[in-house]
Amino acid sequence: MSKFLLISLISSLMLFTLPSRAEQKAVLGDYEVHYVAFNSTFIPAEVAKVYGLQRSRYNGLINITVLDGKSADKKPVAVKISGTARNLIGNQTNLEFKEIREGESVYYIAELRHSNEETFRFKVIVDDGKRQQTLEFQQKFYVD
């Protein structure tokens with residue numbers, strides 16, 4: 001399996017699963033924070049196995065990548081990521097992000113159980129050791 005298979009897969013998902021938004025990114029201080037949430041069945045079984053992710057119609061994945069917005073080549077930055085997901089009736093789940101490094105790439109993935117057409121409001125804390133900044137977004141999940 002290619003070393004960069006998951007990075008390529010996540011990049012592809014960012015392009016094709018979110019047609020209403022050309023890019024999901026937020027600028028938080030000196031950082032560009034790229035984010036995507038999608039159903040875990042979009043990733044191949046072999047990739048899920050390598051990274052210890054559970055594939056299920058009822059399991060979503062949240063991927064966060066933090067880039068140095070001040071550098072010309074926007075290199076990935078290692079930070080501490082934590083967060084919560086709250087559905088529309090107020091049930092909250094704490095997200096446990098795994099840091100994944102491949103080459104120079106650094107990204108963070110969390111898993112989230114969901115039901116069909118369930119919408120979550122995400123609050124993600126990006127902590128670089130000096131400042132904590134908050135990313136908020138919303139995503140609706142579907143059971144395929």
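**Figure 1. Ala26 and Val33 meet across a strand pair.** In this predicted model, Ala26 has Val33 of strand E2 as its bridge partner. The two strands involved, E1 and E2, run antiparallel and share four bridges; strands pair here if DSSP finds at least two bridges between them. Helices (H or I, at least four residues) and strands (E, at least two) are DSSP runs, numbered from the N terminus. Two residues separate E1 from E2 in this hairpin, and Gly29 has a positive phi near 60°. Residues are numbered from 1 along each chain as its sequence is written. Since the model is predicted, local features need pLDDT of at least 70 and side-chain atom pairs count only at pLDDT 80 or more, while totals for chains, interfaces and linings use all residues; side-chain values use heavy atoms, with hydrogens and water left out.

**Figure 2. Strand E2 and its other partner, E3.** Follow E2 to its pairing with E3, which is antiparallel and spans nine bridges. Glu32, for instance, has Leu67 of E3 as its bridge partner. How many residues of E2 are buried? Nine of its nine are, leaving the strand mostly covered. Buried means under 20% relative accessible area, exposed over 50%, and partly exposed in between (1.4 Å probe, protein chains only).

**Figure 3. The largest nonpolar core.** This core has 26 residues, and Ile62, Ile64, Val66, Ile81, Phe97, Phe122 and Leu135 touch the most other members. Strands giving two or more residues to this core include E1 (25-28), E2 (31-39), E3 (59-68) and E4 (80-87), along with E7 (105-113), E8 (118-127) and E9 (132-141). Apart from it lies another core, of 11 residues, with Leu53, Leu61, Tyr107 and Ile109 among them. A nonpolar core is a set of buried Ala, Val, Leu, Ile, Met, Phe, Trp, Tyr and Cys residues joined through side-chain atoms within 4.5 Å. In soluble globular proteins, nonpolar side chains tend to be buried together.

**Figure 4. The surroundings of Ile64.** Which residues does Ile64 contact, leaving aside its neighbours within four places in sequence? They are Val33, His34, Tyr35, Ile81, Phe97, Tyr107, Tyr108, Val124 and Leu135. Contact means heavy atoms within 4.5 Å.

**Figure 5. Asn87 in strand E4.** Asn87 lies in E4 and, with a relative accessible area of 9%, counts as buried. Not counting residues up to four places away in sequence, Asn87 touches Glu118, Thr119 and Phe120.

**Figure 6. Two loop residues with positive phi.** Lys74 sits in the loop between E3 and E4, and its phi is near 45°, a positive value in a residue other than glycine. Lys74 is partly exposed because its relative accessibility is 32%. Glu117, in the loop between E7 and E8, has a positive phi near 60° and is also not a glycine. With 47% relative accessibility, Glu117 counts as partly exposed. Most residues other than glycine have a negative phi.

**Figure 7. A stretch to view with care.** Over residues 12-22, pLDDT stays under 50, and the model has 13 contacts for them beyond four places in sequence. pLDDT is the predictor's confidence in each residue, from 0 to 100. Where pLDDT is low, the predicted coordinates should not be read in detail. For the chain, the mean pLDDT is 87, and 84% of residues reach 70 or more.
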